[in-house]
Amino acid sequence: MAQKHILSSVDEVSTFSAKFVVDTAVEAINERGIFTLGVSGGSIINILASNLAGNPDVEWTKWKVFFCDERLSSFSSEDSTYGQFKSKLIDKVGCHDSWVAINPELPVVECAKDYEEKLKKTFTGSWPEFDLLLLGMGPDGHTCSLFPGHQLLQEKEKWIAPISDSPKPPPCRVTMTYPVINNARKVVFISAGSGKADTIKAIFTPMDDQTKLLPAARVKPTSGSLHWIMDTGAASKL
């Protein structure tokens, strides 16, 4: 069952989300000596950039940050999530070694394989067990680069999968798969704005036919916890 955290404003969502990340990091480092984080793009970039730079509780040398999905775009492009983090946070803090980026020069299938190999340098076992994944959700209910009706919703073997026909541009991306997402210790959706309210209502509405679930509704950690951090607009129809 998802835990809902409903805040009164976008600023409060940002502050609460950042504190959640840092508290989880401190806990993970105390227990295991490392904090493994998966990030998404969109509003999550500014939330982390505005709250983590200069934060005395962030031990960057013990953070390992990966991307829940990434577009095959040059790091200088605004489409690159890593590129956005680099200009807004990484370059300012000097924490380059903590971040694990894709190689956007590779063709999409090879890029996905290469990124999976990068994960395997940090994680052992059948599936990686991230301390925390930060996810967003589109108005169509997609999360990561897992889109409604797409064949990747059924992927059960790859850690990182390629997609070359994304309905949202750019078409070529790599994405974490559900076995990876649902193996995390904590998964957090961050969502704000009344434009997301109908989709969030649909996600929290029980459905007998599991094949019709929106991609974001298929995120169900097997032994970890699921959290939705929302403002009152996003949660207005719950």
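These legends describe close-up views of a predicted model. Residues are numbered from 1 along each chain as its sequence is written, and side-chain values use heavy atoms, without hydrogens and water.

View 1. Helix α1 covers residues 10-32. Helices are DSSP runs of H or I with at least four residues, strands are runs of E with at least two, and both are numbered from the N terminus. The expected span is 1.5 Å times one less than the number of residues. Buried residues of α1 include Val13, Ser17, Phe20, Thr24 and Ala28. Buried means under 20% relative accessible area, with a 1.4 Å probe and protein chains only. An α-helix has 3.6 residues a turn, so residues three or four places apart point the same way. Just after α1, Gly33 has a positive phi of about 80°.

**View 2. Helix α2 against helix α3.** The axes of α2 (residues 43-52) and α3 (residues 81-93) come within 10 Å and cross at roughly 25°. Axes are lines fitted to C-alpha atoms over the stretch in contact, and angles run from 0 to 180 degrees between N-to-C directions. The crossing angle makes α2 roughly parallel to α3, a term for angles under 35 degrees. Ile44, Ile45, Asn46, Leu48, Ala49 and Leu52 of α2 meet Thr81, Gln84, Phe85, Lys88 and Leu89 of α3. Contact means heavy atoms within 4.5 Å.

**View 3. Val219 in its loop.** Val219 sits in the loop between α6 (197-203) and β9 (225-231). Val219 is buried, at 2% relative accessible area. Among the residues that Val219 touches, leaving out those up to four places away in sequence, are Leu135, Thr143, Tyr178 and Phe189. Thr24 is 195 residues from Val219 in sequence and 19 Å away in space, C-alpha to C-alpha.

**View 4. His227 in strand β9.** His227 lies in β9. His227 is buried, with a relative accessible area of 5%. Beyond four places in sequence, His227 touches Gln3, His5, Phe20, Val187, Val188 and Phe189.

**View 5. Backbone details in two loops.** The peptide bond from Pro169 to Pro170 is cis, with omega near -5°. Pro170 belongs to the loop between β6 (160-163) and β7 (173-176). Cys144 is in the loop between β5 (132-135) and β6. Phi of Cys144 is near 50°, a positive value in a residue other than glycine. Cys144 is buried, at 6% relative accessible area.

Terms used: Predicted model: local features only at pLDDT ≥ 70, side-chain atom pairs only at ≥ 80, totals over all residues. Parallel < 35°, antiparallel > 145°, perpendicular 65-115°, else oblique. Buried < 20%, exposed > 50% of the residue type's maximum accessible area, 1.4 Å probe, protein only.
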